[in-house]
Every structure is written in C-alpha cells, then in structure tokens.
2 protein chains.
Amino acid sequence: MSNEFIIKGANVARLQSDFGSTGFKMFKGSILNNVEIAYETWGSLSNNNDNAVLIFTGLSTSSHAASSVSNKNDGWWEYMIGPNKPIDTNKYFVVCVNSLGSCFGSTSPAAINKKTEKIYGLDFPELSIEDIAKAGHSVLQSLGVDHAHTVIGPSMGGMTSLAYALLFPDSLSNLIVISAAARALPFTISIRSLQRELIRSDPLWNKGVYTKESAPLNGMKLARKLGLMSYRAANEWRERFNRARLPKSEQKDMFDIEFEVENYLDHNSEKFVSMFDPNCYLYLSRAMDLFDVAEHGGTVNAGLAKIHTKNNLIVGVESDILFPIDQQQELANGFSKARKKFKFEKLNSIQGHDSFLVDEKNFSKVIYDFFNE
Amino acid sequence: MSNEFIIKGANVARLQSDFGSTGFKMFKGSILNNVEIAYETWGSLSNNNDNAVLIFTGLSTSSHAASSVSNKNDGWWEYMIGPNKPIDTNKYFVVCVNSLGSCFGSTSPAAINKKTEKIYGLDFPELSIEDIAKAGHSVLQSLGVDHAHTVIGPSMGGMTSLAYALLFPDSLSNLIVISAAARALPFTISIRSLQRELIRSDPLWNKGVYTKESAPLNGMKLARKLGLMSYRAANEWRERFNRARLPKSEQKDMFDIEFEVENYLDHNSEKFVSMFDPNCYLYLSRAMDLFDVAEHGGTVNAGLAKIHTKNNLIVGVESDILFPIDQQQELANGFSKARKKFKFEKLNSIQGHDSFLVDEKNFSKVIYDFFNE
C-alpha cells in the first residue's frame, strides 16, 4: 500500500523505456527507476502534430485540470480548459501532467519503490523543477508529440514551464508563465522553509516513515494554513472577513477559533491535509526554493536569452506576496533585454497568488487573447 | 518558582491599593489581585509635574527601553532615549512600563498566583490592551504623576497608547502612535492566530502547565520564526540575503538549513525562545487581535473623536506588512475628520514593522521634531 492519492480517469506513462535500462536521470545526477507519470488529455492531436498544449501544475494540484468523459468532476482550471474556452479543446490537444514527485499517480516519495517494495519516503532522490519539466517532455514524446504548440503553467508550473523552455528550447513554440519567477527570493524561501519545518516538527512525521493512517496531519494542517496565508492577499481578506466573528458560544476556550478568518483557515487546511502526502510536499516545496534560471547560463538574463520560443506571455498579479509582481517584471525585463517577443500582463486581481484559480474574468481574457492574436 | 524573566534594575509598583481590596478590575470584568507592574524611569519629574513621558512597549520587550545607572545594558530603544536624544532625559521624566501580562516582572500568566501559590498559566483572566493601558496609568499615579506630557508606543505599545488616550482622555497632553492600528485586520489576525497554534501544538505546552525547564520551546521557536517573517520586509531580505547559501558541508540532510535566510531565522528564533514565556505570548498576542478602537464609541472614527490630546503624531512605515500603512492612514483620517491637531509621518524605511527598532535616522528625526516643534 502506497501513500498515493490516485485520480480517477488519469492515464499513466511509463517513462523508463525512454531512458533505457538506466532509468530516469535526475537533474542532480541520481537515477530513478521505473518512473511513471500520471497525465490527462483533452481534445485531439492534429494531423500536423502541431497543436499540443502542455500544462504544468502548481505544487498541490493533480493532472485533473478540467472535467472529462472519464472523470466528470470539475478540474482545478475548469474555466480555462474546454471547448471554446481560453485553452480551446476544439483546437488544441491539451495535456496536463502530474508533477514527478507529486502524489497523484506519478512516481514520488509517496509511491512504492519497486526495488525495496517499500514506500520511498526520504529514499526518494533530491527533486528539481527541471526533473518535473523533463518528465513532462517525456510524456509528450510517449504521446507522439515532438514539439509543443504551447507550454503553460501557473506558480510552480510557471517555473516548470521555464525549465522546459531552457532544457528543450527546440521543443516548443510558445511559452506562458503565470505568477511565477526565475527563482525564489528569501521571503518566499522563508515561508516554504517554515512550512516544511512545521511538517517535520510533527512527531508523526517520524523522519518520513508513516502510513496514510498515521500521517503527520497536524503538521500538514499548520503548513497549509501558512500556505493559504501566502496564497491570498490582505486586502481581499479585509473585504471578505474584516473582523467578523463566530458566535461566542462556539468557542471552547480562550484561544479557540473566534474570528471568521481563523475559521476559514481552519476549515480549508483541514480539507487539504487528507488529500496530499507530507513527504511529497517537502520535496516539491524544496524544489521550488532551489530552482534558479541563473543555473542555466550564469545569470537570470543569460538563462532567459537561451529560450527561443516564438511568443512569450508573462502574467503577474499585483496583490501576489508569494511571487511578487517585480519577479514577473524581472522575467519581462530579461526577455526584453534578449530581444525576445513577449507580452507582460500585470493584472489587478485582488486574490493574490491564487488569482489564476479564481479570477476567471481577468485570466480568461489574457489567455484567450494570447491564443487568438 | 515562577516562569518570569526578571529584568535587573527594574522597579515594581504594587497596584492593589489603587483599587482597594477588590484588586485590579480587568476590562472584561474579572478582578486580578496583587497586581504588580515592573517599570523603569530616566530623568526627573519637574516641579510642575508636567514632563512625564510614558512609553508602552511592543509585545516581546521589557521595561528596559534604555540603559541606566542600575542596568547598563543597552535597552530596546537605546538610540531614542537619553540625554539630548529624541526623547531627552535632560528635559523629560521618562517611564517605561512592562505590560501587564508580560513576563518581565509584571503580573502575568508566568507569575505566581498568590492565592493558589501556583503559576497562573491559563488561570490568568482574559487580557485586553485596555488593561495594559490602565496598569500604566496606575504606575504614573504611584509616581505622583496625574497628567502625562506624552504617551508613546510602537506596535502593541501604539495600540496601548491609543487605549490610554481613550480611557484617560484628561490624563495626557500628547499622543504618539507608531506602526500600530485602531484594530487588527484579518491577515494580521491570521499570522498571530497561527503563531498561537504553533505554541499550543507543542506537546510540551500541555494546556499551559509547564516549568521553565519543560517549556514548549519548539513551538515558541516556530512561532517566533513566523513573527520575524512578519516583522521584516521582503525587499530588505532580498538586499540582505538574496539567495546566499551556507556551505553544503554544513547540511545534515536534504531539508536542513541551506539558505542564509533560513539560518538567520533559525539563529534569531533560537535566541528568543529562552527569553519569553509561552503563555504570556498567547495572552498578549490575543489581546492585540481583540483590541478595537470602535469598541470605544461604535466606530473607529467615533472612538478617535473622543481623544482630546493637544497634539498627535502618527508614524507608519510603507514596508510594514503586519500593520500596513493604510492602517496608520486610517488613524490620520479619523483625527482629521474629528478636526484634531495631528501629524502623519509616512516613512520609507525598508525594515518593515521592525523599523522603529533599527531605522535610527528616520525615527530619531520624527520623534525629535515632535518634541521640539
């Protein structure tokens, strides 16, 4: 029994054969054997093999970006993907991969290591954003796609899309990076570092050895609360909750939940903890801290200059505190300096880093326009 | 043996007599007996009894705001207080009180309850910012001061100064509120709420029953890290740490401290945990969430309109994420609407909420100017 959370209707690509008997070579040098990547697709590949759109996800979501025949549940980007939607499945063959290292069906710290027949846990090798990009590239290859029309991703998926364009510059035409950055800055590192420490401080974490039934749920809950605080924006909460309170009668003791905002965080973090593996969280979170476009050329600008997509779209949100707007500006400046064709969309969404999930109006427009200009 | 952390050279005012045999009446109605408040003074009271400056502190500092004959160690506001300094002890009789509920010598959850001869812990009654203000007022009375020249405080001390002006409008001439607010907003509440949960999640917290030797230090450390993240500003850290790393050889495992910013947080939170009582932290932190000027008149503006000091100074810092500048703007707007005399200083300090501790140049100037205009 693994610690995975398998998504109904997802396909699985077995990547080992792509790399021969040596398995999947990780960016930091380790070899990972029997790599499998969960993915879902919408629409059909054109006869010219020129309409594939590859989507990389944020840290905590699965390949289920939109509903489909085999899984009718809404996906995490339901408003974005479908017939006549901004990513139009009448026109494009859309592929969303579950990140290598994530627990929704891809090989990860939550999966069984076929060699030992035990859950990987901390035996999983150090994970890089580049590994996630490379696994996505292999999924496209396994589907017969040599060249993507567009690679797109929000948050961690935006970093992964950048990594894809750096590793496989001849394998995509267009790049869309949403609410992401060339590398994490210290404030963001500090948030993620503390999240990881909250998980690791839960005695049930037990140095990464636990079952689904004995998982460090309290540490995960605390980490998720901190995450939710960084995903949203102070002013949105001000409008939404202000100082509204629960009835005094519901308070069990002096330090119990009293304000609506405390209740919101408690409720939402509680929902999450039983839906994600703690070790996977640690690995993916650390990969985001470590990613740095500057490792692909000496400086961020030198890295970005190596990307030679036809069109690039950078999207950022002014209320984002996790990937602040000046980090998307940095990407735009780098493309500008290297004389690449790009568009930089600064959105005034009030929902902070999470805006791409909820601000349908603003995000639909910029993505629709990109595909139709 | 209490859980207190007594400061060398501090005086103690016994407040019980001020309230007769019923003790100290708390804002929420409880009676607290045998209340003692630690305080320190600098300079001398004038013959006209018109030069007292009362300082309220932030959550985690003691009455030791500046060095003195009886305690030569630097205080937390050393640059601000002394002969010929902005708060000039040649001219003013300066009094800094340790907040009621804090562990530096004042009656608090860390002190012995004389009735039970046990440490208060969670038997301490619910604490309000107003109680801290009232205790400070009583200290002034015990020193023979009926009317303060100025009441001043940063952060929680700014809220306490506002509470003082609301509770004792005829007992002060001037008010200085630094990096504070009329009330906490949801983002700030969420930070403090999570800090409290981190302390309470440490098994050693044990529902508030612990000794100094068995205190929930890990929970305190995690809470302090989150605090430090909210006290500073992302751009300062970017300049200071960027992505600098420790030598790889110092890393014990994959998730160990690697970036300088992680090291800074670890080092500074470690220093703090053995210097503050966890239960006191919980009470003071909650008091800040609960404080609301609107409770003194129906709305924030109606509350502020009741203050009738001669001069008011509001100071805010544009990089502050804990008490954002629009909260000081709200205070300024309230004074403006009520046609009070006030000055609003927006500082461009880069050190976030903590700027009042470290940005000597900007803060010296605005406080000096206030006292000399």
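**Close-up views of the predicted dimer model**

**View 1. Two domains of chain A.** A distance of 26 Å, taken over C-alpha atoms, separates the centres of domain 1 of chain A and domain 2 of chain A. The model is predicted: local features need pLDDT of at least 70 and side-chain atom pairs count only at pLDDT 80 or more, whereas totals for chains, interfaces and linings use all residues. Residues are numbered from 1 along each chain as its sequence is written, and chains are lettered from A in the order in which they are written. Domain 1 of chain A comprises 11-183 + 292-372 and domain 2 comprises 188-283, with bounds from an automatic or database domain assignment.

**View 2. The contact between the domains of chain A.** Domain 1 of chain A contributes 20 residues and domain 2 of chain A contributes 16 residues; residues are in contact if their C-beta atoms, placed from the backbone, lie within 7 Å. On the domain 1 side, ten residues are nonpolar, nine polar and one charged (Ala, Val, Leu, Ile, Met, Phe, Trp, Tyr, Cys and Pro count as nonpolar, Asp, Glu, Lys and Arg as charged, and the others, Gly among them, as polar).

**View 3. The contact between chain A and chain B.** Each side is represented by 37 residues from chain A and 37 residues from chain B. On chain A, α3 (186-201), α4 (217-231), α5 (234-240), α6 (260-273) and α7 (278-290) each give two or more residues; helices are DSSP runs (H or I, at least four residues), numbered from the N terminus. The largest share, twelve residues, comes from α3(A). The chain A side holds 21 nonpolar, five polar and eleven charged residues.

**View 4. The relation of the two chains.** The same surface serves both copies, as 100% of the contact residues of chain A recur in chain B.

Conventions. Two residues are in contact if their C-beta atoms, placed from the backbone, lie within 7 Å.
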